[in-house]
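Colleague: Please take a close look at one part of this model for me. I would like the strand pairing and the ring pairs, with cut-offs as you go.

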Amino acid sequence: MMSTETLVKWLEKNTELGILSHDILQAIAREMEMATFPPGFRVVIEDTPVTNLYILERGQADRYRRKQPGLMWASSLLPGAIVNLSALQHSQPADSRIITRTECQFWVISTHRWHNLLKRYPRITEAYAQRLAAKLEQLEAEIAYERERQNALRSYLVPRARRGVIGNSRYAVKLRQQIRTASSDSRSVLISGEPGLEKDNLAALIHFGSHRRNEPIIQIKSAALLN
């Protein structure tokens, strides 16, 4: 078991609570208790009342967030990750599902104790609001950059494939196999043929079948590079 001072240093170094003052971190550390969960354990279930704040100390766990009905977005939790902080700050239900992948150790603070800490130390809420504002500002900058990037690439972007390779001829079967092979390989691909053979469509089929499908594919005319 860590001493209070050792735990404070760990919080400062590994968690976003490190923005808080030393005396507040000491108060938080005194309220924390260790809990161990086996692999495959559901620590938090989305859309349920929040009963605890969790901080991952050791082990591997996954976070699942609902992007839309029937679709979950998964991410891994690293040691120091805080679970339910946003929900507690806004008195909302849990916004994600947390499932342990290996045996995990979490530092736990009950909702009641966390609310008492917020009453005693309003600076916690102020600091979190400032941190959230900074994240929003960073996100807005990233969105603006991506919008400019997309506008610059718009005239070069290749749309999704217009059609697949159809037919049961030897040529069609072989071409489909070559497309699948090229899609699973990271090496460069040379597509040659007479004008009108829709080589750009074949390139799109390869790209959108690869692991880079979520990245843009652009088309540059070689004649323009020579000018």
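**Sheet and ring pairs**

Modeller: Thr36 stands opposite Gln105 in S8. Residue numbers start from 1 along each chain as its sequence is written, and side-chain values use heavy atoms, with hydrogens and water left out. The model is predicted: local features need pLDDT of at least 70, side-chain atom pairs count only at pLDDT 80 or more, and totals for chains, interfaces and linings use all residues.

Now the strands. S1 and strand S8 (residues 104-110) run antiparallel and are joined by 5 bridges. Two strands pair if DSSP finds at least two bridges between them. Strands are DSSP runs of E, at least two residues; helices are runs of H or I, at least four; both are numbered from the N terminus. The open sheet has 4 strands, in the order S1-S8-S3-S6, with antiparallel pairing. Its edge strands are S1 (33-37) and S6 (82-83), each pairing on one side only.

A helix comes next. Helix H4 (residues 111-120) lies across S1, S3 (52-58) and S8. It runs at about 60° to S8. Contact here means heavy atoms within 4.5 Å. Axes are lines fitted to C-alpha atoms, for helices over the stretch in contact; angles run from 0 to 180 degrees between N-to-C directions.

Then the rings. A pair of aromatic rings is described by the distance of the centres and the angle of the planes. Rings of Phe, Tyr and Trp (its six-membered ring) pair if their centres lie within 6.5 Å; planes under 30 degrees apart are stacked, over 60 edge-to-face, the rest tilted. A search of the whole structure gives 4 aromatic pairs. One of them is Phe37 with Phe106, tilted, at 5.8 Å centre to centre and 55° between the planes. Phe37 lies in S1 and Phe106 in S8, so this pair ties together parts 69 residues apart in sequence.

How buried are these two? Phe37 has 13% relative accessibility and counts as buried. Phe106 is buried too, with a relative accessible area of 0%. Buried means under 20% relative accessible area, exposed over 50%, partly exposed in between (1.4 Å probe, protein chains only).

Phe106 also pairs with Tyr54: the centres are 5.8 Å apart and the planes at 80°, so the pair is edge-to-face. It links distant parts of the chain, Tyr54 in S3 and Phe106 in S8, 52 residues apart. Tyr54 is buried, like Phe106. Ring pairs link Phe37, Phe41, Tyr54 and Phe106 into a cluster.
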